[in-house]
Amino acid sequence: MQPGEKFRKALELNSPLIIPGTINAYSAKLAERANHKAIYLSGSGVAAASYGLPDLGITSMNDVLIDVKRITNATSLPLLVDIDTGWGDADNISRTIFEMNKAGCAAVHIEDQVFDKRCGHRPNKKIVSIDEMKERLKTAVSSKIDDSFFIMARTDALASEGIAGAIKRCEAYIEEGIDGIFLEAVTSIDEYEVFKRNLSIPVLANITEFGKTPLFNQNQLKEVGVDMILYPLTAFRAMSASAEKIYNSIIKDGTQERLLDIMQTREELYEVLDYYNHEKKLDIKFSNKD
């Protein structure tokens, strides 16, 4: 089964489909062990975790692609990837879709911000015209090498054009043959219900922490018909806070002994990595050489 087919099947069987962010290959394996059905790679997460940079359109398609390949090689779960604005003109967008498809990615979302984009929960966002975004989407859809590859349009229009303007945009985007809508910076549960009532394709709710969107729970979102719920950086934020605590504690206390209860053990790590089976194969390889 192709990755796109896996994503579509997961969407069909799970209402809503819960999609946690996985910042690297190992966290993707942890999400799979937790029985998730799909995972996500955030552009902001790649910028912060892999390059130590802010989410201001600084990282490139190739930067993201490195992490995509690592994750798809480590897990069988379908991966949704943030491709920002597509990184340029039609040629860039076409190449992005081709490379993501080729790397085993199942789905992407492309947004309607200007090329010099910023975090969707920050002020002063600028968005392109409807016609320009339609051209982005037309290029993306026509560049698929696998028909099941899932393409989602993200709109940041709610902040500047209100719900009527955002719906108008989404209706125009749907005309280009996209598969889903990613609504950014929604502030009311009722807004999701209005979008669902007016749109004919699956809708994603981005439930990111410390932003414009309240932390609506899954029952609330299910009741208004949301199809996918994204937690883009939840695990990464927890990992980062834990790491910061540990770095400070090692200097302060001179030992890590008091931190053992919040650590994954060596055996737990080995279990996730299937370490002993890999080690056994290595032993057999070397014994055959003797």
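Where is Phe210 found? Phe210 sits in the loop between strand E7 (203-206) and helix H9 (218-223); helices (H or I, at least four residues) and strands (E, at least two) are DSSP runs, numbered from the N terminus. This is a predicted model, where local features need pLDDT of at least 70, side-chain atom pairs count only at pLDDT 80 or more, and totals for chains, interfaces and linings use all residues. Residues are numbered from 1 along each chain as its sequence is written, and side-chain values use heavy atoms, leaving out hydrogens and water.

- Most residues other than glycine have a negative phi, and most peptide bonds are trans.
- Phe210 isn't a glycine, yet its phi is positive, about 65 degrees.
- Phe210 is also exposed, at 79% relative accessible area (buried means under 20%, exposed over 50%, partly exposed in between; 1.4 Å probe, protein chains only).
- Asp84 has a positive phi too, near 50 degrees, but Asp84 is buried at 4%.
- The peptide bond from Ser15 to Pro16 is cis, with omega near 0 degrees.

**Aromatic pairs**

- The whole structure has five aromatic pairs (rings of Phe, Tyr and Trp, using its six-membered ring, with centres within 6.5 Å; planes under 30 degrees apart are stacked, over 60 edge-to-face, the rest tilted).
- Phe7 and Phe150 have ring centres 5.0 Å apart and planes at 55 degrees, so they're a tilted pair.
- Phe7 is in helix H1 (residues 3-13) and Phe150 in strand E5 (residues 150-155), so this pair ties together parts 143 residues apart in sequence.
- Both Phe7 and Phe150 are buried.
- Tyr270 and Tyr275 have ring centres 3.9 Å apart and planes at 10 degrees, so they're stacked.
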